[in-house]
Amino acid sequence: MKRLLTYTFIISIIGTVSAISQSFPEKGVPLMQNYPPASYHHQGKIWDIDTAPNGIIYMAADKGLLEYDGRNWTSFKGSEGIVRSVLVVDDSLIYTGSDLDFGVWKKNKFQKFEYTSLYPFKEDLNEINEEFWGVYLVNGNIFFVSSSNIYVYDDGNLTKISVSGTIKNSFDTNNELYFINNEGLYKLEALAVSKVVDFPTGYSPEVIDIYKADNSDDLILVTKDKGLIQFASGNFRSLHTNLSEKLISSNVFSFATIGDSHLAFGTVLSGLFITDLEGNIVHHINKSKGLQNNTVLSLHYSKNRKLWVGLDYGITSVSLNSAYTFFNDYLGNFGTGYSAFLENDVFYLGTNQGLYSVPWDELDNSSSNENISLIPGTEGQVWDLKVIAGQILVGHDKGLYSLQGQQFESLYNRQGVWTVEATNDHLFAGNYNGISIFEKQDGEWTFLKNMELIVGAVTQIVIENDETIWVNIPNYGIIKIKLNESIEPTNREFFPEANFEGDDLILSKNEGQMEVITETNVYGFDAAAGDFTLQDIRNTDKVIQEVLLQNKKPVQLNSNYEFIPIYNGFALRDVRIGDYQNVNNSNTLLIRKIEAFTNDHQMQAFNGAELPYQFNNLRVEAIVPNADNVRYQFKKGTDDGWGNWLDEGVVELIGLDYGARSIQVRAKVKESITEAQTIQIDIKAPWYLSWYAYFFYTLFVIGLAYLLYRWQNKSLNQQKKKLLLNQRNSLREQKEIHQQQLQIVEEEKMKAEYEKMKAQLRSKTVELATKTKENDEKNRILKALKKKIKNIEQNPKSFERKSAEIKQIIDSHIDAEDEIFEIQIDELHQEFYDKLRKKFPDLTRYDLRLCAYIKIGFDSKEIADLLNIKPSSVYISRSRLRKKLNIETDEDLHSYLNSV
């Protein structure tokens, strides 16, 4: 059994869904996702379903409370009995009713639910047998309803309301609590039971649910096997409609409203019916159309416009917000659709089994697919369907055909044809090994020739203009072909498949621009650059992507519908809706799990947790619950940039440093980016960096410093003693060395003084000898002069002769003085001369004397006066001397001679 709507559900739906159009495609089956029992851990049958405001689905299952966030199934065990009903109040507060128990679920710090029983009769279970099939939130109170009692839970207080008879079912309709027993329909008002109406005698329908008729206060009772019953003005009236008749034969078991415009009926025998408020069947979904089982135990319409269906076997979600509807060939009626077109309200379908047709009006979900019939003679693989100049052309694995009425005529049967395109005068057929060209003759297409230079399986041809065509050859790439007047290629440009990222290239023309679409990207042809450039990222719904037939592009049937090739059938897309209807609700990003781990162990964490240092690796799982086309982005720290967008909201952060760490995550739903969620984790410092480690380090350092101090003092004293001893020995040794050095210095000084005195003695000796010799000579000359003068006195007549002799004596004395100076120079520089003679044997006495004058420091003029020659002669003599001494002209002669 299923209540109509909880109070929280009404609040979440009114603000989001009721304000928008509730229309959805009616041809085909809506997009469905099946979950077999193994996917949700075999938790048994699903008896009730509800949605949290954050989008997570909760289910009452045989083995406990079941949670699904769109990625993971999680089960929670509470009471011992089967969970029959569930009420989600908010993201962290849930109430459930089960066999012999009811209670509340609250989240702990790890974001896991923990159960607390509220049932007061646990010890008297042998006498009580209550099953709680209904949990409701009405006017701020929580109601638990069993077959015999109603319990009211308000702010920790539990009140029991006894009712007469057996409660057969209960309902929450427009925030009013109704229940039914064998006698009639009752309503709970101000915690008091009041009867709405008595059933007629003998009339006791098994009511599954009730809802209010559109724009009225009339109640519509949904019964198990009596169809729909209207209660108005105190009277009951069976509704004899096509829907009501089908429900009678199908046995209704569950019911839900879909927004404010549609209804959903779950049956035991015939699966699911979706209708509008007038009772017109929009969808009839059963096992032959993809439902896992025909018995529907529970129904729930979530805020993201998905209808959740709990089955006798498995769970199914029906995406009513999707523009895609599907015709799956589970019974093998028509095969896999490759191409289609709509002509004169007849839908033509080309499949791997042949060419089929069906009136467009009959292609709806209220009927089976058996009315899609094969056109005789078309058996085989149909690759392409085109209407060209009013003629239906069929690309077949046997060749090219035309269809006129039910007549299937061959135009070309040499090899299979993938695709067909035409200009005003010619028809191009891409075949298994190139392109076949046809021309019109007498109103019929006639084979002309095969195009030269094009080989391989041409699966697509796109005509840019009368002179340019483009072809797609799988596993090779795209070719641009320029044609001349004879339809011959004059120029070909090749664009290899490797140039495009992503598989399954599709060639297309969009508003005059050539495009190549892969499974991941869209490339546009830049005529100026002569190449394709990336224009956009292809964002196809994952569920749709899994069933799309690759290398086949959609076909526009009319202004409203597009044909989509898929595996094992085909799909339609309502272009008026887009891929998904714009449900005006904010998507909630949740942090589902924080796990710290090492190489060998894992531990659960939570926002704000402190973690041991060894658990410095984090695995974070985030999700926008049960939303489609979601991508996730993570950022580590506040200063780091955002990472790449990920398809899955799971990231691992390895080797985090200790201290406070911040991780941010956000999601992109379609093109809308959610508000970022922040996780704060404090990783403790390793033990060797903790406060007690630092305390130990401090004590250790103090103790070590004390020991070092004691050892240093002891060592210092020993060193002092040793130093004093060494100093004594060193002073003694230094004294001896100093004395020896003084002795050596004194000896050297005395030796130098001795040499100096010796030289002085020699000099003085020479000087004394010279002076003595000069004195002797002067005395001799004076004596001679005296004698001459005396002779002159005695003989005056000999004055002239004697005066000449006196003059001669004086001149000879002058010359003798000059020679004496030279002799003195030679005596003083005798050692200098010896060294020069050894080194330069060719030096003359004049050269040696010149060297002595230069060494003494005489300039050229002084030397010329000493030698009684001209200064120019001195310059010439110095030049000759340089040559004999091998001295360069730029080298100083005085410095050189002083170095000898």
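Is Ser 298 buried or exposed? Ser 298 is buried, because its relative accessible area is 0% and the cut-off for buried is under 20%. The model is predicted.

## Ser 298 and its surroundings

Ser 298 belongs to strand E26, which covers residues 296–301. A polar atom of its side chain lies 3.0 Å from the backbone oxygen of Ile 46.

Ile 46 is also among the residues that Ser 298 touches. Trp 47, Asp 48 and Ile 49 are on that list too.

## Strand E35

Strand E35 spans residues 391–396 and is mostly covered. Six of its six residues are buried.

## Pairing with E34

Strand E34 (residues 382–388) runs antiparallel to E35, and six bridges join the two. Lys 386 stands opposite Leu 393 of E35.

E34 and E35 form a hairpin, with two residues between the strands. Ala 389 sits in the turn and has a positive phi of about 55°.

## Pairing with E36

E35 also pairs with strand E36 (residues 399–404). This pairing is antiparallel and has five bridges. Leu 400 in E36 is the bridge partner of Gly 395. E35 and E36 form a hairpin with two residues between them.

Technical notes
Residues numbered from 1 in each chain as written. Predicted model: local features only at pLDDT ≥ 70, side-chain atom pairs only at ≥ 80, totals over all residues. Heavy atoms only, no water. Buried < 20%, exposed > 50% of the residue type's maximum accessible area, 1.4 Å probe, protein only. Helix = DSSP H or I, 4+ residues; strand = E, 2+ residues; numbered from the N terminus. Pairing = 2+ DSSP bridges. Polar contact = N/O pair within 3.5 Å; in protein donor to acceptor, adjacent residues only side chain to side chain. Contact = heavy atoms within 4.5 Å. Lists of a residue's contacts leave out its neighbours within four places in sequence.
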